[in-house]
Each structure stands twice: as C-alpha cells, then as structure tokens.
Amino acid sequence: MKFMILASLLVAVQSVSYTVTVTTSSAKYAQTDGDFYVAAFGFNGKLIDFGGLRSPNIDLIEQGQTDVYTFYSAVDLGKICCFFIRAASDNAWLIDAASITSSTDPAGIKGNNNNNYWLTSDTNMSGDNGFASMRWCRPKEA
C-alpha cells in the first residue's frame, strides 16, 4: 500500500499538465452535445491521446462559449508539433478557435477555423458535409 502511494506521488510530481482551450463559434447552431476527442504529438515523436472533451462542470458546449480542459500525463511531448480534435458523433460542432499549451511548452499552438468548417462524423455531402477531424500545427521553423 505504501508503495502504491509513493508511486502515485512520483507520477503526480513528474506529470506534465496540458491545457486545451476551445472557443465555439457564435453562429447559429454552433453548439453541440456530441462526443469529441483530442490528441497531440510533439517534435520528439511522442503522441498522447487525451480522450474526450468532457468535464463534470461542462455538460454542453455552448454557442460563443470558451471551454478549458486540463489533462495530465507522464508523457512529455516537449515542444508540441500538432494537435487534433476528432468527432465521434454526428452532432456537429462549429469551432471558432482552439489552442493547446503545456507546462513544458507554455507558448503551445493556437489556431482558428477561418473557413468555418463543421466538425462531425457525418461527412456525407447530403448530411452535415463536415470534417471528421481538425488539425492545428506549429508553423515550420526556418
């Protein structure tokens, strides 16, 4: 039992915090109660699947609202290269902007959805005609 407590403390001390911030568009029907997942990878080649964008305090992603999600991992991505948000339902979501930072990469990546692409698993032309995932990447350095 003491070993498990010590191991838990070591993981907590050595974990990296990641903050994902997403602003939903203020356009009509931009909100969602669908399921969406986030992942990121670093220039060091490591990948983290953070899981779902849900919080006990957030039961619906609302129009014009900014939601902040915090994740912890023993994996350090170092300088974050790209992050993805993917749809797991056909309840579409119109993201205005998204960003990710970490305790080891406070600058992180920030991106906008300037083309107003809908995020949904319904990519059918007769349906939502959206995209199953969206990706934001750090610009290539010279």
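Cysteine 82 is buried, with a relative accessible area of 5%, where buried denotes under 20% relative accessible area, exposed over 50%, and partly exposed the range in between (1.4 Å probe, protein chains only). The model is a predicted one, in which local features need pLDDT of at least 70 and side-chain atom pairs count only at pLDDT 80 or more, while totals for chains, interfaces and linings use all residues. Residues are numbered from 1 along each chain as its sequence is written, and side-chain values use heavy atoms, with hydrogens and water left out.

Cysteine 82 forms a disulfide with cysteine 137, the two sulfur atoms lying 1.9 Å apart; a disulfide is here a pair of cysteine sulfur atoms within 2.5 Å. Because cysteine 82 belongs to strand β5 and cysteine 137 to strand β8, the pair ties together parts that are 55 residues apart in sequence. The torsion about the S-S bond of this pair is about 110 degrees, and the disulfide is therefore right-handed. Cysteine 137 is partly exposed, with a relative accessible area of 33%. The structure holds 1 disulfide. Cysteine 81 is buried, at a relative accessible area of 14%, but its sulfur is 3.9 Å from the closest cysteine sulfur, that of cysteine 82, which is too far for a bond.

The chain as a whole has 1 helix and 8 strands. These elements are DSSP runs numbered from the N terminus, with helices (H or I) of at least four residues and strands (E) of at least two. Of the 142 residues of the chain, 37% count as buried. Among contacts between residues at least 6 apart in sequence, 72% join residues at least 24 apart, a contact being heavy atoms within 4.5 Å.

Strands β5 and β8 also take part in an open sheet of 4 strands, ordered β3-β2-β5-β8 with antiparallel pairing; two strands pair if DSSP finds at least two bridges between them. At the edges stand β3 (47–52) and β8, each with a single partner strand, so one side of each is left without a neighbour in the sheet. The twist averages 15 degrees from one strand to the next, with axes taken as lines fitted to C-alpha atoms (for helices over the stretch in contact) and angles running from 0 to 180 degrees between N-to-C directions. Strand β5 (residues 80–87) is joined to β8 by 5 bridges, and phenylalanine 84 has arginine 135 of β8 as its bridge partner. The covered face of β8 carries Met134 and Trp136, whereas Ser133, Arg135 and Cys137 lie on the uncovered one.

The largest nonpolar core comprises 26 residues, and those with the most contacts inside it are Leu53, Phe83, Ile85, Trp93 and Ile95. Such a core is a set of buried Ala, Val, Leu, Ile, Met, Phe, Trp, Tyr and Cys residues joined through side-chain atoms within 4.5 Å. Two or more residues are contributed by each of β1 (16–24), β2 (36–42), β3, β4 (66–73), β5, β6 and β8.

A salt bridge links the side chains of aspartate 105 and arginine 138 (2.4 Å, N to O), under the criterion of a side-chain nitrogen of Lys or Arg within 4 Å of a carboxyl oxygen of Asp or Glu. Aspartate 105 lies in the loop between β6 (95–102) and β7 (109–112) and arginine 138 in the segment after β8 (133–137), so the pair ties together parts that are 33 residues apart in sequence. Both residues are buried, aspartate 105 with a relative accessible area of 7% and arginine 138 with one of 15%.
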